[in-house]
Amino acid sequence: MPSVAEKSTSMELLVSQFPVTLPIPTPTTNSNLLSIKDVQREEDLLRNPSSFRAWWTAIHTTKEAFNAQLKAERRANVPDETAILLGPLATPLARHSLQCLTYLYEAAIAQFPGSFKLWKSYLQMRMSYVLGRQVIKKRAGGRKKLPEMKDALEEEKEDLESWEDGLDGVVGWGEWRSLIATYERALMWLPKLPRLWLMYSSVFFHPMCPSLISHTHARRTFDRALRTLPPSLHARIWVRYLLWAETKGGSTTVSVYRRYLAVDPSVTEHYTSILLSPADSVPRPLEAAKLLLSLARKASRGEYVSPEGKSPYQILGDFLDIVERFSDEVGFDVDATIASNEANAKADAEALRTDSHSTSMDGQLVRTDGPPVPVGAVGAHDEDEDPLSPRKLNIEQIVHKDGLEVYKDQAGRLWTGLATYWIKRGEFDRAISTFEAGIATVLTIRDFTQIFDAYAEFCESLINAMMESLESPEEDDDENTKETEQELDIKMKEFEALIDRRPFLVNDVLLRRNPNDVQEWEKRVALWGEDDEKVADTYTKALETINPRKATANLHRLYVNFAKFYEEGGSSGSAEPDLDSARKILEKATKINFKAVEDLADIWCEWSEMELRHENYDEAIRVMQRAAAIPKNTKINYHDHSLPVQARLFKSLKLWSFYVDLEESIGTVESTKAVYDKIMDLKIANAQVIVNYAAFLEDNQYWEDSFKVYERGTEVFTFPISFEIWNIYLSKFVKRYGGSKLERARDLFEQALEKCPPQSCKPLFLMYGQLEEDYGLAKRAMSIYERATQVVADENKFEMYTIYIAKATANYGLPATRPIFERALEVLPDKQTAEMCLRFAALERKLGEIDRARAIYAHASQFCDPRVSPKFWQEWNSFEIETGSEDTFREMLRIKRSVQAQFNTEASYLAAQTLSAKQNGTSEQPSAAQPADPMAAAEQQARGPAFVAAKKTALPRADEDQATPDLPPQQADNADEIHISDEEES
């Protein structure tokens with residue numbers, strides 16, 4: 001193992017080999033610089049010293065030759081420690097190549113001192129021997145031409161040059177110094193080229209760069225670059241300058257960033273992150289907090305846009321994070337905060353008083369004292385935004401002024417941040433007062449929940465800390481233990497009280513958001529339970545606070561419930577009922593201008609019901625008489641909201657309905673009739689009132705009066721409302737008089753049918769016809785039924801004809817129904833015509849008219865598609881089998897084929913009908929069974945080539961989509977095919 005002396009000797013030996021290039025090597029100072037092979041090159045350069053191509057070719061030829069020799073050479077004889085220290089200059093060949101190339105470059109630069117190409121190549125060669133081999137980084141995509149400083153810093157950090165196997169700064173100090181001297185000479189000739197300055201600055205980022213170069217000299221070099229280059233190129237230098245400052249840390253970073261922020265504040269947020277987590281120095285939270293506060297204020301005024309895309313509130317949130325994290329270093333304590341708040345309050349009051357007296361003629365503020373201020377000058381200096389000021393911040397004032405007054409929708413986060421600041425400082429009482437103030441001012445449940453949860457968590461953590469201190473008490477500390485136990489009991493009670501207060505606090509939040517919310521006031525009353533004093537105070541406060549025109553629904557219920565509170569003797573019912581107080585409340589409620597007339601009507605009705613519950617019947621009647629008092633001017637529009645509800649109350653049907661019910665229950669017949677007549681005179685009665693009035697008169701044996709009421713109702717209302725009145729009226733009249741007043745009944749029916757629409761007249765015609773059958777003439781009844789078949793709506797005609805035919809059969813027999821059937825076939829639509837034809841044919845079969853029945857079947861066949869209406873064709877088939885011959889059966893089949901062909905040509909109609917038939921379950925199911933009757937067997941034997949119905953239409957059938965493709969194709973037999981011989985054709 002070598003001794004210390006041997007190590008120092010070897011280190012001195014290594015150091016003595018440098019600098020290699022200082023002084024600049026020449027053939028006179030270094031005899032080994034040129035060889036016999038270089039004589040021709042030197043002679044060519046001496047003959048053409050002004051030829052750049054000759055110099056450039058000689059340099060590159062020499063460089064390539066040395067590179068080939070260096071690649072072939074191995075460092076087998078060089079120790080590892082020496083190779084690490086010397087890097088590219090570890091071998092004699094490498095040092096010799098550096099001297100030769102330096103000699104050539106220096107000779108060329110002496111001829112072309114202003115060539116940037118030559119200087120760049122020279123400097124890159126020198127850097128490769130000192131800094132080592134440069135690592136080439138691959139980039140994905142291009143770079144922005146003029147990026148923002150934030151993006152430029154990130155890109156430059158990725159693109160910063162990196163090196164491998166550089167020369168140690170201590171051993172090769174001389175060579176490093178020679179490289180720096182070469183850069184200085186290059187800048188002396190080419191000071192305006194930014195590329196040269198950037199190459200120079202890359203040296204300072206090398207990890208082996210000596211500290212004398214990478215610190216003070218680097219800072220001065222960056223400063224010289226900024227002074228030398230034009231302002232348009234400063235951005236390229238500042239990127240390297242800021243990155244270099246970040247690597248150095250400490251006061252260097254702060255001073256450099258402060259200089260740049262004076263020009264471009266866009267990297268302030270990046271700078272604050274550096275201040276909070278520096279590489280090798282103490283954090284500066286106060287300066288970072290002031291910078292972020294200044295940015296938040298400028299962003300809220302629209303003077304700053306965050307390059308990171310943050311909103312003004314997010315920047316303020318970053319400020320709060322710093323305040324919570326470094327509470328002791330950033331903000332005032334409690335005493336200083338109180339003093340600052342008082343001073344600010346006095347200053348604001350003084351400014352307000354001054355502004356109120358100092359106004360110009362046009363209303364603008366006038367400046368009356370202080371030094372002269374030029375136009376467009378900046379406002380007064382604010383120490384809260386000055387990062388150089390050591391003065392701490394009044395966090396409470398900042399949160400209130402810049403947070404709560406500006407971002408009212410984020411009150412929860414701001415209040416909890418302020419309370420956290422006091423908790424971190426150990427000011428628990430101030431934190432509790434902050435939580436209480438926040439809970440008492442927030443307007444949303446989200447903010448309240450955020451504050452309350454933080455408050456409860458703080459109380460729990462405080463209680464847990466006290467309990468832990470009691471579990472491990474110190475010796476001889478009994479007094480402190482007792483105090484801790486007492487304080488713990490107090491905190492436990494406060495925490496329980498806080499949890500119990502939560503429903504009330506939530507209700508307070510909702511009432512602050514909308515003091516006119518009736519439902520929340522009702523919840524407030526319910527929260528107090530059986531505490532009558534608090535309930536009464538809550539009702540009183542609610543009625544004083546709520547604006548009737550802005551209140552939510554059911555404001556009248558608040559008055560009603562308040563009155564019931566006194567009526568029932570409080571919430572628990574233990575007190576004596578106080579009807580006088582209840583009447584005063586209801587009396588006051590009748591003077592409130594509610595949103596709707598119905599609300600006021602409910603007040604009067606509840607008042608009357610209260611009197612009824614206490615058996616004050618006369619008082620209940622008087623209350624309703626007061627409410628239903630009719631003014632002189634009755635031409636008031638009930639829906640005119642410009643008038644108060646008291647002026648429109650007399651037209652409230654709800655009020656009159658309750659009044660008339662009250663009169664029916666405890667009044668006389670005459671008084672009840674008088675109330676009903678008032679309702680009719682005011683023209684506010686509906687159909688139900690008419691029916692109720694008439695029913696009331698019937699119950700009291702006033703038959704004619706009840707009929708008059710019905711007639712008034714039919715005059716007032718039109719169809720379809722009057723239809724119900726006519727229906728009840730006519731049934732009552734017929735039931736009352738029967739056939740005794742037949743002519744009057746006929747007049748009533750005719751009067752009802754005169755204006756009755758076709759959709760509603762069917763029941764009236766049936767009732768009219770039944771009247772004639774029971775008490776009149778059958779002929780007249782038939783004429784009424786016939787008239788009904790012509791008047792009723794189309795959808796009711798089939799049923800009406802059915803009834804007409806049944807009545808005619810019962811009165812005149814089956815033959816008399818033939819003309820009715822014939823008229824029905826002319827009037828009814830196609831679908832119903834087929835059904836009527838079946839019934840007509842059945843009638844003719846009963847009468848033995850086979851030919852007429854067959855003709856009817858033939859007539860109906862044009863409406864019946866065999867695929868849609870298989871029932872019709874099955875019935876005709878049975879008819880022919882029972883009563884027909886082979887010819888008539890063939891004629892039936894021919895008609896069936898022609899009808900089927902006719903429907904086949906109508907593809908859209910066929911598709912629609914097939915789908916509807918399938919949905920209704922009426923699609924025809926083909927049967928493969930053998931015919932059971934001889935006529936069908938004869939028809940089956942007579943099959944031959946004839947007309948075949950189409951199996952494929954233009955539109956695909958619904959059942960074809962579900963066909964199974966596995967079945968082999970079969971020849972379809974036509975069940976309706978008829979074989980016609982040649983003799984028959986001739």
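Modeller: Gladly! Let's start with Q701, which has a relative accessible area of 54%. Exposed means over 50%, buried under 20% and partly exposed in between, using a 1.4 Å probe and protein chains only, so Q701 counts as exposed. Please keep in mind that this is a predicted model: local features need pLDDT of at least 70, side-chain atom pairs count only at pLDDT 80 or more, and totals for chains, interfaces and linings use all residues. Residues are numbered from 1 along each chain as its sequence is written, and side-chain values use heavy atoms, without hydrogens and water.

Colleague: What makes the phi of Q701 worth a remark?

Modeller: Most residues other than glycine have a negative phi. Q701 is not a glycine, yet its phi is near 70°, a positive value. Q701 sits in the loop between helix 32 (687-699) and helix 33. E615 is also a residue other than glycine with a positive phi, of about 65°. E615 belongs to the loop between helix 27 (597-613) and helix 28 (617-627).

Colleague: Why do the buried residues of helix 2 line one face?

Modeller: R41, E42 and L45 are the ones buried in helix 2 (residues 39-47). Seen down the axis, the buried residues of helix 2 fall within an arc of 95°, so they line one face; the arc is that of the directions from the helix axis to the C-beta atoms. The face turned away from the buried side carries the exposed residues Q40, L46 and R47. Among what covers the buried residues of helix 2 are helix 3 (52-72) and helix 5 (92-111).

Colleague: What makes D38 and R41 a salt bridge?

Modeller: A salt bridge needs a side-chain nitrogen of Lys or Arg within 4 Å of a carboxyl oxygen of Asp or Glu. The closest N and O atoms of D38 and R41 are 3.8 Å apart, and the pair forms a salt bridge. Both residues are buried. The structure holds 55 salt bridges.

Colleague: How are R890 and E886 placed in helix 43?

Modeller: They are four residues apart in helix 43 (residues 886-904), so about one helical turn separates them.

Colleague: Which side chain does E663 join in a polar contact?

Modeller: That of S671, at 2.8 Å. A polar contact is a pair of N or O atoms within 3.5 Å; within protein, one must be able to donate a hydrogen and the other to accept it, and residues adjacent in sequence count only if both atoms are side-chain atoms.

Colleague: Last one: which residues touch the most other members in the largest nonpolar core?

Modeller: F319 and I395, out of 133 residues. Helix 21 (residues 445-471) gives the most to this core, with 10 residues. A nonpolar core is a set of buried Ala, Val, Leu, Ile, Met, Phe, Trp, Tyr and Cys residues joined through side-chain atoms within 4.5 Å. Leaving aside neighbours within four places in sequence, I395 is in contact with F319, V323, V330, G331, L418 and Y421, where contact means heavy atoms within 4.5 Å. Apart from this core lies another, of 127 residues, including L579 and F889.

Definitions and conventions:
Helices (H or I, at least four residues) and strands (E, at least two) are DSSP runs, numbered from the N terminus.
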